[in-house]
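Colleague: Please take me closely through one part of this model, going from its pairing to its charged contacts and its surroundings. I would like one connected account, with every cut-off stated where it first matters.

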Amino acid sequence: MPERLAVYPGTFDPLTNGHVDIILRGARLFDRIIVATLINPEKSPLFPVEERVEMARQVFEPYPNVEVDTFDGLLVDYARRKGAQVIVRGLRAVSDFEYELQMALMNRRLHPDVETVFMMPAEAYTYLSSRLVKEIFALGGSIAGLVPEVVETRLHAKQRTG
Ligand SMILES: Nc1ncnc2c1ncn2[C@@H]1O[C@H](COP(=O)(O)OP(=O)(O)OP(=O)(O)O)[C@@H](O)[C@H]1O
Ligand SMILES: [Mg+2]
């Protein structure tokens with residue numbers, strides 16, 4: 001049996017507990033899952049890619065079948081290069097669906113042998129996004145329980161150093 005390898009792509013700027021939820025579900029389902037951090041998102045990121053990767057590596061240190069990597073360019077090309085059969089995506093609400101459907105079908109057209117698998121997070125995370133975390137934090141609201149501790153610490157450090 002070939003190893004079942006999944007890729008979970010995203011910007012992870014920063015990693016939230018919603019992402020962590022999906023990644024841990026993936027880690028139970030597949031032999032290995034790679035958290036593929038997009039190097040140059042169109043949106044200029046709050047955290048440089050090195051820092052996003054560092055935080056994710058810390059969070060998943062206890063999980064030997066979760067890897068953290070970076071990628072650039074076409075996701076399906078990256079998946080093929082890694083030998084992954086599956087792309088994992090998270091679905092929060094109907095609002096995610098249209099964009100995700102479009103991406104999944106386009107990726108299938110580009111590489112029919114890579115399958116996209118969708119997973120729903122725990123209910124508590126269905127309204128959670130990196131954008132919202134950044135907004136709440138910038139306005140002085142509490143983000144406890146929304147992001148891993150290492151992310152919260154780094155956000156506070158960033159705020160202090162400007
Ligand atoms: N709370 C969540 N629950 C389930 N899936 C999620 C959650 N947040 C993001 N995802 C999924 O994770 C993948 C990567 O998303 P992305 O990096 O854009 O995160 P995001 O939180 O949506 O960030 P942003 O607000 O910057 O768009 C996508 O498939 C997205 O649907
Ligand atoms: Mg998003």
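Strand 2 and its neighbours

Modeller: Glycine 10 has threonine 37, in strand 2, as its bridge partner. This is a predicted model, in which local features need pLDDT of at least 70 and side-chain atom pairs count only at pLDDT 80 or more, while totals for chains, interfaces and linings use all residues. Residues are numbered from 1 along each chain as its sequence is written, chains are lettered from A and ligands numbered from 1 in the order in which they are written, and side-chain values use heavy atoms, with hydrogens and water left out.

Helices (H or I, at least four residues) and strands (E, at least two) are DSSP runs numbered from the N terminus, and two strands count as paired if DSSP finds at least two bridges between them. By that criterion strand 1 pairs with strand 2 in the parallel sense over 6 bridges, and strand 2 also pairs with strand 3, again in the parallel sense, over 6 bridges. On the strand 3 side, valine 35 has valine 68 as its bridge partner, and leucine 38 stands opposite phenylalanine 71. Strand 1, helix 1 and strand 2 form a right-handed β-α-β unit, right-handed meaning that, with the strands pointing away from the viewer, the path from the first strand over the helix to the second runs clockwise.

These pairings belong to an open sheet of 5 strands in the order 3-2-1-4-5, with parallel pairing. Strand 3 and strand 5 (115–119) stand at its edges, each with a single partner strand, so one side of each is left without a neighbour in the sheet. Neighbouring strands are turned by 30° against each other on average, direction ignored; the axes are lines fitted to C-alpha atoms, for helices over the stretch in contact, with angles from 0 to 180 degrees between N-to-C directions.

Turning to charge, the structure holds 12 salt bridges, each a side-chain nitrogen of Lys or Arg within 4 Å of a carboxyl oxygen of Asp or Glu. Arginine 32 makes one with glutamate 3, the closest N and O atoms being 2.8 Å apart. Because arginine 32 lies in strand 2 and glutamate 3 in the segment before strand 1, the pair ties together parts that are 29 residues apart in sequence. Arginine 32 also meets glutamate 67 in a salt bridge (2.5 Å, N to O), and since glutamate 67 lies in strand 3, this pair ties strand 2 to a part that is 35 residues apart in sequence.

As for nonpolar surroundings, a core is a set of buried Ala, Val, Leu, Ile, Met, Phe, Trp, Tyr and Cys residues joined through side-chain atoms within 4.5 Å. The largest has 33 residues, and Leu15, Ile23, Ile33, Phe60 and Val88 have the most contacts inside it. Strand 2 (32–38) is one of the elements that give two or more residues to this core, which also include strand 1 (5–10), helix 1 (17–29) and strand 3 (66–71). Apart from it lies another core, of 12 residues, among them Val7, Leu75, Tyr78 and Ala79.

Methods: Buried < 20%, exposed > 50% of the residue type's maximum accessible area, 1.4 Å probe, protein only.
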